[in-house]
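Dear colleague,

Please find below the structure that I am handing over to you. My findings follow it, grouped by topic.

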Amino acid sequence: MKQRLFGTDGLRGQGNIFPMTPEIALRLGLAAGQYFRNGSKRHRVVIGKDTRLSGYVFETALTSGLCANGMDVFLVGPMPTPAISFLTRNMRADLGVVISASHNPFMDNGIKFFDRHGFKLPDEVEDEISELVLNQDTQWDYPAAEDVGRAKRITDAPGRYIVYLKNSFSQRLTLDGMKIVLDCAHGAAYGVAPKVLEELGADVVRIGVKPNGLNINQKCGSLYPEVISSAVIEERADMGIALDGDADRLIVCDEKGRILDGDQIMALSALELLEKGTLPKNMLVSTVMSNMALELFMKDHGGTLLRTDVGDRYVVEAMRREGAMLGGEQSGHLIFMEHSTTGDGLLAALQLLRLMREKEQPLSELAGLLEPFPQILRNVHVNRKISFCDAPEVQKAVRKVEDALKGKGRVLLRYSGTEAVCRVMVEGPDSDTVELYAGDIAEACEKYLK
């Protein structure tokens, strides 16, 4: 099987360790330039990044490769991943590039691409680019000296994105009188996110807005929602918003500090659209990780839940195929196709705030739609990612749990697309039971996949 550079969300790894090395980034720039450069017109690329220290390394290497292969590069600096999707469309660029490892710690980094329409590249395109990068015999089709690309820093990119986000919020509403706790995870949204909320009238309590290159996602942001929960109670705020390092995912809490994940936010948004009769096919798109409660909720309200593989790109692909307008992941990637082509944490927060304003109700009164089934997720570090069908003892452990659940729960095994990790998920009738079952399967994985 051919080696793939890309996982479920682009290239990902620890900085200065294969595949996240300057050499690979340079070759990736050359390969992307060669793949997307065609015809005689000048081709443009937008490059953004989060706040990791290694972002400087990969920004420079990618820029060199892209310019060498005839692409003009627009550098926008630290900006959320969804901002690059928007700017690629807005600036009529041929390609968007994000340098980020999302919710991972600072020592990791990653590279992902958007096409000219703001969508992540399909697997087959990534595979072709991977082949160019990994094949040491690749002959680069360098343009003539006068046709190499230029690089330019764009200073007004944050303002463009802020206006775009504010336009997604109802023109007749404001956030006047609202107090919001906002945690930007010391990440890419530290500059733009507070301004959007403040310009709409909110009083913003800022957390995680002092990046130093090393503190991104460090005990803050969407992976640590207890931070906003505590702050909301202490500040007597109306809502808490937690973003991750590249701001494409959202976790919130209500005024009582109760945490809501992506499933619960999707239920709220889907119900509004179902009531208005504006949810195409009455369909919500999510992944195999979404709680069974969301599936039952959609069924009870005359809708359907279409499940995909894990990864917001697969959710988006299914949404485009089915003509769906709302989708997302339990982890907080939420796609409102009316406004965006990818998950956008801040845009999703604005849609939730709009709903609160229109209903004139606090989030706690709006949000009690789902009673999630107890769900346990165990991460097992593995040395090899073999097919689960080739691990009979693991299959035996899974079958034993499924038989015990008797259809009143689920078991899901999958490998992480970005880490050497097997994820074991078990849902069932009570917490103690699923904890026990998840432990049994994780133990089998630890024994037979090491």
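Which residues does Ser416 touch, not counting residues up to four places away in sequence? Please keep in mind throughout that this is a predicted model. The residues that Ser416 touches on this count are Lys385, Val421 and Arg423. Ser416 itself is found in the loop between β17 and β18. With a relative accessibility of 3%, Ser416 counts as buried.

Arg410 and Glu427 meet through their side chains in a salt bridge, at 3.1 Å from N to O. This pair links distant parts of the chain, since Arg410 belongs to strand β17 (residues 410-415) and Glu427 to strand β18 (residues 421-427), 17 residues apart. Arg410 has a relative accessibility of 18% and therefore counts as buried. Glu427, at 0% relative accessibility, counts as buried.

Salt bridges

Side chains of opposite charge can pair when their charged atoms come close. In this model the count comes to 28 salt bridges. Salt bridges with shared partners join Asp9, Arg12, Lys112, Lys120, Asp246, Asp248 and Asp312 into one network.

Two further pairs may be of use to you. In the salt bridge between Arg307 and Glu295, the closest N and O atoms are 2.9 Å apart. Because Arg307 lies in strand β13 (residues 304-308) and Glu295 in helix α9 (residues 292-300), the pair ties together parts that are 12 residues apart in sequence. Arg307 counts as partly exposed at 23% relative accessibility, and Glu295 is partly exposed with a relative accessible area of 36%.

Arg258 forms a salt bridge with Asp254, and here the closest N and O atoms are 3.6 Å apart. Arg258 counts as partly exposed, at 37% relative accessibility, whereas Asp254 counts as buried, at 1%.

A buried charge without a partner

Glu329 is buried yet has no salt bridge. The nearest side chain of opposite charge belongs to Arg249 and is 6.0 Å away; a salt bridge would require a side-chain nitrogen within 4 Å of a carboxyl oxygen. Glu329 lies in the loop between β14 (326-328) and β15 (334-336). Leaving aside neighbours within four places in sequence, the residues in contact with Glu329 include Gly262, Asp263, Met266, Ser286, Thr287 and Asp312.

The cavity

A search of the whole structure finds 1 cavity of 30 Å³ or more. The largest cavity has a volume of about 40 Å³. Its lining is made up of Thr8, Asp9, Gly10, Lys112, Phe113, Lys120, Leu121, Glu126 and Arg313. These lining residues divide into 2 nonpolar, 2 polar and 5 charged.

Helix α3 and the residue after it

How many of the 10 residues of helix α3 (residues 81-90) are buried? The number is 8, so the helix is largely enclosed by the rest of the structure. The buried residues are Thr81, Pro82, Ala83, Ile84, Ser85, Phe86, Leu87 and Thr88. They pack against the strands β2 (43-49), β3 (71-78), β4 (95-99) and β5 (108-115), and against helix α5 (157-167).

Following α3 comes Arg92, with a positive phi near 55°. Arg92 has this positive value although it is not a glycine. Arg92 is placed in the loop between α3 and β4 and, at 59% relative accessibility, counts as exposed.

Other backbone features

Glu360 is another residue other than glycine with a positive phi, near 55°. Glu360 is placed in the loop between α11 (345-359) and α12 (363-366), and counts as exposed at 70% relative accessibility.

The peptide bond from Phe18 to Pro19 is cis, with omega near 10°. Pro19 lies in the loop between β1 (11-14) and α1 (22-36).

Finally, Glu317 has its place in helix α10 (residues 312-322) and is partly exposed, with a relative accessible area of 32%. From C-alpha to C-alpha, Glu317 and Ile386 are 26 Å apart in space, and they are 69 residues apart in sequence.

With kind regards

How values were computed: Residues numbered from 1 in each chain as written. Predicted model: local features only at pLDDT ≥ 70, side-chain atom pairs only at ≥ 80, totals over all residues. Heavy atoms only, no water. 1 Å grid on protein atoms, 1.4 Å probe; cavity = no way out; pocket = protein on both sides within 12 Å on 5 of 7 lines; lining within 4 Å. Points joined across faces, edges and corners; volume = space filled by probe spheres on them. Nonpolar A, V, L, I, M, F, W, Y, C, P; charged D, E, K, R; others polar. Helix = DSSP H or I, 4+ residues; strand = E, 2+ residues; numbered from the N terminus. Buried < 20%, exposed > 50% of the residue type's maximum accessible area, 1.4 Å probe, protein only. Lys, Arg positive; Asp, Glu negative; His and termini not counted. Contact = heavy atoms within 4.5 Å.
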